[in-house]
Amino acid sequence: MDERIADSIRRHLDSEGMLPCAAAFRVAEELGVEPLAVGQTADEMGVRLNRCQLGLFGYGPKAEGRHKVVRPAEKVESGLAQAIQDGLSEGRLPCRTAWDIAEMLGIPKMEVSAAAEALGIRIVRCQLGAF
């Protein structure tokens, strides 16, 4: 285990002892490491990730169906739909690509995930390794 990453993770834990997605990305940026290394170190430490920036996990008990907050968008603009379609890999949208689309279009990340939900497209390959 990389102790440098582990120490930074400990400093970024929330009040419940979990590591929010945004904090995990701050750790990666501060240390100049890949987000996956942060996710793997958190896993080795037994630290759970929460508050996915795409709204896909970490918002409540999964057993109660409250783990994700993203809901399908009521309407998906054609430009966003096309960007999602163009970004598919084996019929699924990689997390990194969803982030790139949000940045390219200047929209919130959760708007991309809501559009993907509406289009029936799964987001895969979490950059932190959570899914």
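Where is the place of glutamate 90? Glutamate 90 sits in the loop between α4 and β3 (93-94). Helices and strands here are DSSP runs numbered from the N terminus, with helices being H or I of at least four residues and strands being E of at least two. At 81% relative accessibility, glutamate 90 counts as exposed. The scale is this: buried is under 20% relative accessible area, exposed is over 50%, and partly exposed is in between, using a 1.4 Å probe and protein chains only. Glutamate 90 also has a phi near 55 degrees, a positive value in a residue other than glycine.

A word on the model before going on. It is a predicted one, where local features need pLDDT of at least 70 and side-chain atom pairs count only at pLDDT 80 or more, while totals for chains, interfaces and linings use all residues. Residues are numbered from 1 along each chain as its sequence is written, and side-chain values use heavy atoms, with hydrogens and water left out.

Leucine 88 belongs to that loop between α4 and β3 too. Its relative accessibility is 25%, so leucine 88 counts as partly exposed. Not counting residues up to four places away in sequence, leucine 88 touches Leu93 and Ile121, where contact means heavy atoms within 4.5 Å. Leucine 88 and isoleucine 123 are 35 residues apart in sequence, yet their C-alpha atoms are 9.2 Å apart in space.

Back in helix α4 (residues 78-87) we find isoleucine 84. Isoleucine 84 counts as buried because its relative accessibility is 0%. Leaving out residues up to four places away in sequence, its partners are Leu93, Ile101, Val112, Ala115, Ala116, Leu119 and Ile121. For one of these, isoleucine 121, the gap to isoleucine 84 is 37 residues in sequence and 8.8 Å in space, C-alpha to C-alpha.

Now for the other end of the chain. Helix α1 (residues 3-12) and helix α3 (residues 35-45) have axes that come within 10 Å and cross at roughly 80 degrees. That makes α1 roughly perpendicular to α3. The axes are lines fitted to C-alpha atoms, for helices over the stretch in contact, and angles run from 0 to 180 degrees between N-to-C directions; under 35 degrees counts as roughly parallel, over 145 as roughly antiparallel, 65 to 115 as roughly perpendicular and the rest as oblique. On the α1 side, Ile5, Ala6, Ile9 and Arg10 meet Ala37, Val38, Thr41, Ala42 and Met45 of α3. By class, this contact has 7 nonpolar, 1 polar and 1 charged residues. Here Ala, Val, Leu, Ile, Met, Phe, Trp, Tyr, Cys and Pro count as nonpolar, Asp, Glu, Lys and Arg as charged, and the others, Gly among them, as polar.

Histidine 12 is also part of α1. With a relative accessible area of 17%, histidine 12 is buried. Apart from neighbours within four places in sequence, histidine 12 is in contact with Met18, Leu19, Pro20, Ala23, Arg26, Val27 and Glu30.

In α2 (21-31), the buried residues are Cys21, Ala23, Ala24, Phe25, Val27, Ala28 and Leu31. Their cover includes α1, β1 (19-20), α3, β2 and α5. Just after α2, glycine 32 takes a positive phi of about 70 degrees.

On a 1 Å grid over the protein atoms alone, a cavity is a set of points where a 1.4 Å probe fits but cannot get out, a pocket is an open set with protein on both sides within 12 Å along at least five of seven lines, and lining residues have an atom within 4 Å of a point. Grid points are joined across faces, edges and corners, and a volume is the space filled by probe spheres set on the points. The count comes to 1 cavity of 30 Å³ or more.

| Space | Volume | Lining by class |
|---|---|---|
| Largest pocket | about 690 Å³ | 15 nonpolar, 9 polar and 8 charged residues |
| Largest cavity | about 50 Å³ | 9 nonpolar, 2 polar and no charged residues |

The largest pocket is lined by 32 residues, and Leu56, Phe57, Gly58, Ala130 and Phe131 lie nearest its centre. α3 gives the most to this lining, with 5 residues. The lining of the largest cavity includes Cys21, Phe25, Trp99 and Phe131, and α2 and α5 (95-105) each supply at least two of its residues.
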